[in-house]
Amino acid sequence: MYVHTDYHTHTCHSDGQGTVDENAAAAVRAGLRAVGIADHGPASLFGIGVPSLSHFARIRREVDRARRRWPQVRILFGVEANLISLRGDLDVPEEMQNDFDFVLAGLHPYVRPLSLHDGLALGCVRLMERLSSLPRSKARAKNTDALIRAVYRNHIDVITHPGYRIPVDTRALARACAEVGTALEINSSHDHITLEYVEIAAAQGATFVIGSDAHIPDRVGRFERALALAKAAGLTPREVLNAEDRP
Ligand SMILES: [Zn+2]
Ligand SMILES: [Zn+2]
């Protein structure tokens, strides 16, 4: 299987190290057909996210410049948005979502929730998780429910790294994603992504996108771990939307 597009790369506009231009150059070196710039939304705390929603205009201008410089690769302007409420709100509001070439969204620790209530229930912030009186199974059900609401309420192309640091019910999430046409990510950077997750999601009819989640340019287009999982689960390019059979 050949993965032709890496939708999931970060730059120094959020918590990555390279510039848009450097990620584009790395994509050319890696032989990719397209690369997505997907910096963290503004609700990510501690400088992990972009400083504000208006900052995306600046990233967009850099993407435009990089497009002129690197015509041999398609450069896509995207975002990795955060889930910030139990109702499924993202930190990139719905009316802005069409400004992007694609929208990734996921649950992250260290996120400013829409309200204290949302934060406590979602365990958005590590501290809140400890303060929260919810047992783990209940927290998992709430996280899952909020993610599913987000899938129905927004224009999300891919849910990133389900289960990373915040537990979710893969089966229920995958069922909703399959219905709406939102893909699930097989993230190549996180060890918690297991074969079991891929198999359970595939059994619900979910589609997948393989992502590097590169935070340095050298990791752009590096999919070894995700590809091994996809192969072990018996996935083909029919289920993996950014892959095709190697000619
Ligand atoms: Zn993420
Ligand atoms: Zn990421």
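Guide: A polar contact is a pair of N or O atoms within 3.5 Å; within protein, one must be able to donate a hydrogen and the other to accept it, and residues adjacent in sequence count only if both atoms are side-chain atoms. This is a predicted model: local features need pLDDT of at least 70, and side-chain atom pairs count only at pLDDT 80 or more, while totals for chains, interfaces and linings use all residues. Residues are numbered from 1 along each chain as written, chains are lettered from A and ligands numbered from 1 in written order, and side-chain values use heavy atoms, without hydrogens and water.

Visitor: With which side chain does the side chain of serine 14 make a polar contact?
Guide: Start with the place of serine 14: the loop between β2 (5–9) and α1 (20–29). Helices (DSSP H or I, at least four residues) and strands (E, at least two) are numbered from the N terminus. Serine 14 touches several residues beyond four places away in sequence, among them His40, Gly47 and Val50. Its side chain makes the polar contact, at 2.5 Å, with aspartate 39.

Visitor: Is serine 14 buried or exposed?
Guide: Buried means under 20% relative accessible area, exposed over 50%, and partly exposed in between (1.4 Å probe, protein chains only). Serine 14 has 9% relative accessibility, so serine 14 counts as buried.

Visitor: Which residues coordinate the zinc ion (ligand 1)?
Guide: Donors are N, O and S atoms within 2.8 Å of the metal (3.2 Å for Na, K and Ca); water is not among the atoms, so sites may look incomplete. In sequence, the donor residues are spaced E-x27-H-x52-H. At 2.1 to 2.2 Å, the zinc ion (ligand 1) is held by OE of Glu80, NE2 of His108 and NE2 of His161.

Visitor: How many residues apart are glutamate 80 and histidine 161?
Guide: Glutamate 80 sits in strand β4 (residues 74–82), and histidine 161 in the loop between β6 (158–159) and α7 (170–180). Glutamate 80 is buried, at 0% relative accessibility, and histidine 161 is buried too, at 2%. The pair links distant parts of the chain, with a separation in residues of 81.

Visitor: How far apart do the two zinc ions lie that glutamate 80 bridges?
Guide: One is ligand 1 and the other is ligand 2. Glutamate 80 bridges them. The distance between them is 3.3 Å.

Visitor: What caps the N-terminal end of α7?
Guide: The buried residues of α7 are Thr170, Leu173, Ala174, Ala176 and Cys177. They pack against α6, β6, β7 (183–187) and α8 (195–203). After α7 comes glycine 181, with a positive phi near 90°. At the N-terminal end, a side-chain oxygen lies 3.1 Å from the backbone nitrogen of arginine 171, and the capping residue is aspartate 169.

Visitor: What distance separates the C-alpha atoms of arginine 149 and leucine 86?
Guide: Arginine 149 belongs to helix α6 (residues 136–153) and is partly exposed, at 40%. It touches Leu86, Arg87 and Gly88, leaving aside residues up to four places away in sequence; contact means heavy atoms within 4.5 Å. Arginine 149 and leucine 86 are 63 residues apart along the chain, yet their C-alpha atoms are separated by 8.0 Å.

Visitor: How many helices and strands does the protein have?
Guide: Buried residues make up 55% of the 247 residues. The C-alpha trace spans about 50 × 40 × 30 Å along its principal axes. The count is nine helices and nine strands.
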